[in-house]
Amino acid sequence: MKVLVLGSGVIGVTSAWYLAKAGHEVTVVDRHGAAGMETSFANGGQISVSHAEPWANPSAPLKVLRWLAREDAPLLFRLRPDVRQWLWGLAFLRECLPSRTRHNIRQIVNLGLYSRASLQALRTETGLQYDQLSKGILHFYTSQRELDAAIEPARVMREHGCDIEMVSREKCLAIEPALQDAPDLVGGSWTASDESGDAHKFTQALAALAAQRGVAFREGRIDAILREGDRIEAVRVENETLRADAYVLCLGSYSPLLARPLGIRLAIYPAKGYSVTLPVADPARAYSVSLTDDEYKLVFSRLGERLRIAGTAELNGYSTALNEVRCRAILRRTMQLFPGGGDAAHAAYWTGLRPATPSNVPYIGATRYPNLFLNTGHGTLGWTHACGSGRALADIVSGRRPQVDFAFAGTTSRASSCPWLRSSRPSCSSR
């Protein structure tokens, strides 16, 4: 089939790669002239199956209330006269129920394990290089209460195959000696099989390989998806109309804007994330293992001779303006943990919009339109889930059942568990 993929971030490019590998004629369209120029540009770099506890969990509501007045809060709801933001917030509260959290952890772990294995197979097949490290991920805690609260989610993750291990302060320091200056370190969780790497480098390198395989990349602003009856007829790109047999929506935070006129309501809201990139100053004091700082909700990855620190989330519509307070907070925390490790004088700041669902579970699969498919809403885990999502999506478009246990969009189980899908008419439904 001729397949048109909307979006050339890491999700769109991996979708295009696996679709082309399945034998389809693929075109990717994006408003940028190169791949990976928005959310995939400077993210945290982690391939983190262990980062499976969703934002929405039983402890989240009180934390969010406590953070409301803090400009540098890890998760900042900047309340707006925006109905979509309020509806998203209400759905988020529903996902904080213990039963929903357990369900969502299962989905995130299953997809993460499948995706990490798919990435490793792809790397073996292609020889792609993207400053990757296979040194695991250490999630460290500076609060005994938060460490204790992490035990149960870790147990649930282990039930579904994640090799996460609770470790002592001493083991944390053995894994990453650069944490020796971390104040109040009490322990952590360790997943030896997790990885890290530069998502932007990966996306551009895979796009180049996809082009060699015959995938066409087109630049242009996507204005509308056009339907005729119960099928998608075309996509309007500026002054041009592009037609295909099937269409895949991979536009991240902008996906709901294109889907809504079709009667598909996606519970995706932009969560602005920040990152700081520093040159390594002193290798002996810079970390080399990828880390997650629970208290500040930051992730740390070593990308060659660069240190990448990313995190926090600001729900403030589609603004991509840099907030210097939040940037300085990330840099300050980094220097506190790793004094002398990075060159703060040459810090580069970035911000991007993560497509967050209330559950942290993405939309992958079918819609009520038989030739429109979804691969979007991956939030902070787009890099982690990219290869698995693209591979599963290619199977679905090709009429095959994906080799992963996941609540795919367009299935009865997904629709029954998500009121956004159930109440939207027309919306995602069983095929």
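## Salt bridges and the mixed sheet

A network of salt bridges links Asp131, Asp198, Lys201 and Arg306; a salt bridge is a side-chain nitrogen of Lys or Arg within 4 Å of a carboxyl oxygen of Asp or Glu. The structure is a predicted model, in which local features need pLDDT of at least 70 and side-chain atom pairs count only at pLDDT 80 or more, while totals for chains, interfaces and linings use all residues. Residues are numbered from 1 along each chain as its sequence is written, and side-chain values use heavy atoms, with hydrogens and water left out.

In total, 24 salt bridges are present. Side chains of opposite charge can pair when their charged atoms come close.

Arg155 and Glu159 both belong to helix α6 (residues 151-159), where they sit four residues apart, about one turn of the helix. Helices (H or I, at least four residues) and strands (E, at least two) are DSSP runs, numbered from the N terminus. Arg155 has a relative accessibility of 34% and therefore counts as partly exposed, whereas Glu159, at 53%, counts as exposed. For these terms, buried means under 20% relative accessible area, exposed over 50%, and partly exposed in between (1.4 Å probe, protein chains only).

Arg218 is partly exposed at 33% relative accessible area, and Glu240 is partly exposed at 35%. In the remaining tabulated pair, Arg221 is partly exposed at 45% and Asp223 is partly exposed at 30%.

Strand β9 also belongs to an open sheet of six strands with mixed pairing, in the order β9-β2-β1-β13-β20-β19. Two strands pair if DSSP finds at least two bridges between them. Strands β9 and β19 (363-366) stand at the edges with a single partner strand each, so one side of each has no neighbour in the sheet. On average, neighbouring strands of this sheet are turned by 20° against each other, direction ignored. Within the sheet, β1 (residues 2-6) and β2 (residues 25-30) pair in the parallel sense over five bridges, and Leu6 has Val29 in β2 as its bridge partner.

Terms used. Axes fitted to C-alpha atoms, helices over the stretch in contact; angles between N-to-C directions.
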